[in-house]
Amino acid sequence: MSAALFYALAGTGLFSIGLHALLVHRHLLRKILAINVMGGGVFLVLAAMATRNDAALPDPVPHAMIITGIVVAVAATALALVLMLKLTTEAGHAVLPDGKDDNA
Amino acid sequence: MISGMLDIVLALALMGLAWGALASADLFKAIVLFIAFGLVMALVWVRLNAPDIALAEAAIGAGLTGALLLAAYAKLHAASPDTDVDNASRVRGIPFILISVLTLLLTAALGYAVWTLPSDGAGLGNDVAANLDRSGVSNPVTAVLLNFRGYDTLLEVMVLLLALLGAWSLGLSSPRREAAPGLVLDTLSRLLVPLLILVAAYLLWVGAHALGGAFQAGAVLAAAGVLMLLAGWRLPAALAALPLRLVLVAGPATFLLLAVITLLLEGRLLQFYPQWAGRLILFIETTATISIGATLIALFLGAPPNREDRQ
Amino acid sequence: MTPSDYLSAALLLAGGLFFLAGTVGLLRFPDIYSRLHALTKADNVGLGLTVAGLAVQAESWAVAGKLLLIWALVLLAGASVSYLIAHGALQRGMRPWKR
């Protein structure tokens, strides 16, 4: 098993860990962390696939896409954090409403 | 053999840190483990022969995201001190088992899909290498980012600006200014900020032919800005209205303007003449670096600078 | 392996030992102040030995200079941040551990 394939499998593992945490936790900050971990997993799979042609000179197009992805992820995380803080000031705690306990 | 073991250790550490960050009961510990996760990812990028990504991940993914998360955690703690409700608010019972089973199935399917991918694919590396001398720079990643796939980068800087607009429109107030930062923080910021600006300029310049580029340089500028903000500096009120907005918009606007000009001149979006490409790329990168740095600093602050917390 | 390779390996191993000691201290020490104390050993001496080991293998004086600059910056950041953490902890009332 080449190193690239190994890292690609690790990337899918990260994606699954992140997805599980995203669905299981209800606190919004944990959901944001989970989405970032999922993004990291996806980038890892992309970069592992980029070394397929020649490990010494990897394909630069996936690299550029990953750099773009990292910057977009930080922008989305920043916006998500501000949304979470706004929800906290409105609702009192950073957990999405359950739907069952409607107290309107 | 040794390098194989290193890869195994790094991948296991990566997954262990991710698991620890997401399963930890204490939210602060989760954030710290996430920052460590980002740094180990930077090592993994180096192992995958992607040092540009390693720079970007260390600066943006681990550093800036970590700073954003810690700032948000601090505000969360101040707003609602019962952050320890987070461990109780986990899905339990039958839905938990269902989610776990489905995630395991998805993992197996994805792992199988990745395993059965063909082990050698030409990709676009040869095409990039063949056209590199017409792109105006000699770093292939910069060439792809700013010339061959310049459209993606244009949209990316727009996305950054859009995130800032979204954050500003939510009406939160920025954290209260640190009135007495203390001698150590003050001296540290005075020593480091000029050095950080120098390193950012170096990364911007050298990105044309070696590792570096606009995003890494913008992230280093953002680090300088965050350090100044933590040491109690705030933008003077006279500069906080129009000049700040001009700086924020400079990068996306130049890029968009060049896109429109190339569309009108040559009929294709962002198609540069080879003899002009190098200079145009440097020009776009310079304005983009300043804008990216300013946008990331503003995102850290969370609110426009003249809307400070009154209490 | 040339003599400089042996020297480099020895320095890197010594740096690794200091990092190990610092990590054990971080995990086992009873309060925040002693943990900071353990961390500075890893940061200053451990990183210094690692940088020295790498500088032996550097291709030019410029690269060795950049490595030393990295070490100097980590020293500066580590010392300042240790002070800030300890000051913050003291302000929040965390007393140093007494036997």
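Student: How many residues of chain C are in contact with chain B?

Tutor: Four residues of chain C. They meet four residues of chain B. Keep in mind that this is a predicted model.

Student: Which classes are on the side of chain C that touches chain B?

Tutor: Three residues there are nonpolar and one is polar.

Student: Now chain B. How is it divided?

Tutor: Into domain 1, residues 1-109, and domain 2, residues 139-311.

Student: How many residues does each domain of chain B give to the contact between them?

Tutor: Domain 1 of chain B gives twelve residues, and domain 2 of chain B gives 13 residues.

Student: What classes are on the domain 1 side?

Tutor: Where domain 1 of chain B touches domain 2 of chain B, nine residues are nonpolar, one is polar and two are charged.

Student: And what separates the centres of the two domains?

Tutor: For chain B, 26 Å between the centres of domain 1 and domain 2, taken over C-alpha atoms.

Student: Switching topic. How many helices and strands does chain B have?

Tutor: Eleven helices and zero strands. From the N terminus on, the elements of chain B run α-α-α-α-α-α-α-α-α-α-α.

Student: What does the C-alpha trace of chain B span?

Tutor: About 60 × 60 × 35 Å along its principal axes.

Student: What share of chain B counts as buried?

Tutor: 40% of the 311 residues of chain B.

Student: Last one. Take contacts in chain B with a separation of 6 or more. What share comes from residues 24 or more positions apart?

Tutor: Such residues account for 74% of those contacts in chain B.

How values were computed:
Residues are numbered from 1 along each chain as its sequence is written. Chains are lettered from A and ligands numbered from 1 in the order in which they are written. This is a predicted model: local features need pLDDT of at least 70, side-chain atom pairs count only at pLDDT 80 or more; totals for chains, interfaces and linings use all residues. Two residues are in contact if their C-beta atoms, placed from the backbone, lie within 7 Å. Ala, Val, Leu, Ile, Met, Phe, Trp, Tyr, Cys and Pro count as nonpolar, Asp, Glu, Lys and Arg as charged, and the others, Gly among them, as polar. Domain bounds come from an automatic or database domain assignment. Helices (H or I, at least four residues) and strands (E, at least two) are DSSP runs, numbered from the N terminus. A residue is buried if 20 or more other C-beta atoms lie within 10 Å of its own, exposed if 12 or fewer, and partly exposed in between; C-beta atoms are placed from the backbone.
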